[in-house]
Amino acid sequence: MKDAKLRPDLRLVLDARAERLDAARPNAVARQEKRGRWTARRAAEAIADEHSFVEYGGLVRPATEGMAGAADGLVMGTAKVGGRAVDMVLYDYTVYAGTQSAMNHAKISRMFSHAEKHRLPVICWLDGGGARPHDMHVTARPSTPTFVVFARLSGLVPTVGISPGRAFAGHANLAGLCDVLIATKDSAMGMAGPPLVEAALGKKYTPEEIGPASVHWASGVIDILVEDEAEAIAAAKRYLSYFDMERPAGEAPDQALLRDIVPENPRRAYNVRTVIQTICDRDSVMEVKAGYGKAASTAFGRIAGRTVGIIANQPMYLAGAMDTPACLKMARFIQICDAFDIPLVVLCDTPGLMVGPEVEKTGLMRHSARVLSALANATIPVLTVVLRKAYGLGYYIMGSRPLEPAILLAWPTAEFGGMGLEGAVNIIYAKELEAAATPEERAELHASLTAELKRANTAVESGAKFLYDDVIDPADTRDILIKTLETLPQPAPRTTRKRVIEPF
């Protein structure tokens, strides 16, 4: 019931503020619920710590005369998330399908500039269909600073995108600029929505036919794939938590398990995720881009409460050989860690770079160089552990001594070589093998020479040549990493950007 004692000007303000809320818009909320989606305000409430959200631009109306819409389809403001101050921008699909207008472009540009000035992480809720044609006049569309200002946040503050439904055109552009993109399994994204695709190609598609989540998961666009909005928000909060560099130490898994993870038979594969999960505090690991670049694993985790990034070769795919997708994935992850001063643990088990004519078509020469360039120019501590194979240029790239890691360790299963030892035998002993009388004799000689080369390149022999700082009991890995991290100085708080992060 209205309070008759309120002044008319205050009453006008309070009424206007109430009209933008979901409670005042039951029909719009019902339509959104029929889609099976959350409203932007429901999402904002779930993201922000209780009573911490301060809205900006909530009274804005569309610039086009006669149009109406709560906050012009963009809910935004400051909040605390897990106690950390953030800026949030959430497109509201209940207002003109969450489209971008002249006014909400002005709003979001203001929020991005605010984040740049005050060094605040940004969470973007990207649920909308690009530009609003009847509101974005010809001069307004190319002159908006939205995308430029957001691009300038790269490497300055963490940026998190959430795609809970449909993100097309400008929304997809913002998604592509985020450090990490979280999407629901039934979401759809694309650089152009159905009307523009039909105009260009003469064929009708549904949004899900243009850019389903499954496509973007396989292409590496989506970093974290989730079931629904609640999981997406939980993932965003968890990701931001890694930027609290020091937390109380978590529970350590049984480290003795590490002794038996790598099989005695060097031809048998194992899942490197098990190593990552065992080294890190229990339940502290968050993998990114798991659907892409499967020959490598990239993850955030904590070791005794301290945030670390982890890159690892994955023997379950291509025996851990480094192909273009794996290199692209690792290089960008290194950039994120370096931009925000997160120490990097490198777990090496690679027979080298992938080879063959098909691989050359993917530009591996350039893309493998991205990993080397990222590590060579990073200033964060790099801690390398060779689990098994350390061959050729693949090992050189994966935290070898020339990259000056803070520590370079090897497990007893480590195998060192300038290239795969079987291939090396073919080159070194080509004449002897050619002189063999029969194929059987040749095979026996090859096996004998390979075994001898392996004996000369065991972990202990390599350690004796000081190719590693130490060869250790795998069960001691976590303890040594903890002690090494404790000897390294903490970086000073930054007032400027250290580096940009490539959009991929």
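Me: How many aromatic pairs are there, and by what rule?

Reply: The count comes to 7 aromatic pairs, where rings of Phe, Tyr and Trp (its six-membered ring) pair if their centres lie within 6.5 Å, planes under 30 degrees apart being stacked, over 60 edge-to-face and the rest tilted. This is a predicted model, in which local features need pLDDT of at least 70 and side-chain atom pairs count only at pLDDT 80 or more, while totals for chains, interfaces and linings use all residues. Residues are numbered from 1 along each chain as its sequence is written, and side-chain values use heavy atoms, with hydrogens and water left out.

Me: What about Phe 112 and Phe 150, and why are they classed as they are?

Reply: The pair is stacked, because the ring centres of Phe 112 and Phe 150 are 4.4 Å apart and the planes are at 25°. It links distant parts of the chain, with Phe 112 in helix α4 (residues 102-118) and Phe 150 in helix α6 (residues 146-151), 38 residues apart; helices here are DSSP runs (H or I, at least four residues) and strands likewise (E, at least two), numbered from the N terminus.

Me: Buried or exposed, those two?

Reply: Both Phe 112 and Phe 150 are buried, where buried means under 20% relative accessible area, exposed over 50% and partly exposed in between, using a 1.4 Å probe and protein chains only.

Me: And what is the geometry of Phe 243 and Phe 340?

Reply: That pair is edge-to-face, because the ring centres of Phe 243 and Phe 340 lie 5.2 Å apart and their planes are at 90°. Phe 243 is in the loop between α11 (229-241) and α12 (272-279), and Phe 340 is in the loop between α13 (324-339) and β13 (344-350), so the pair ties together parts that are 97 residues apart in sequence. Phe 243 is buried, with a relative accessible area of 11%, and Phe 340 is buried too, at 14%.

Me: Which residues form the aromatic cluster?

Reply: Tyr 239, Tyr 242, Phe 243, Phe 300, Phe 333 and Phe 340 form one aromatic cluster.

Me: Where do charged ends sit over rings?

Reply: The charged end of Arg 35 sits over the ring of Tyr 93, 3.5 Å from its centre, and that of Arg 401 sits over the ring of Phe 466, 4.5 Å from its centre. The criterion is that NZ of Lys or CZ of Arg is within 6 Å of the ring centre and within 35 degrees of the ring normal.

Me: Changing topic, what is the volume of the largest pocket?

Reply: The largest pocket has a volume of about 480 Å³. On a 1 Å grid over the protein atoms alone, a pocket is an open set of points with protein on both sides within 12 Å along at least five of seven lines, a cavity is a set where a 1.4 Å probe fits but cannot get out, and lining residues have an atom within 4 Å of a point. Grid points are joined across faces, edges and corners, and a volume is the space filled by probe spheres set on the points.

Me: What about the second largest cavity?

Reply: The second largest cavity has a volume of about 40 Å³, and among the residues that line it are Leu 328, Arg 332 and Glu 502. The largest share of this lining, 4 residues, also comes from α13.
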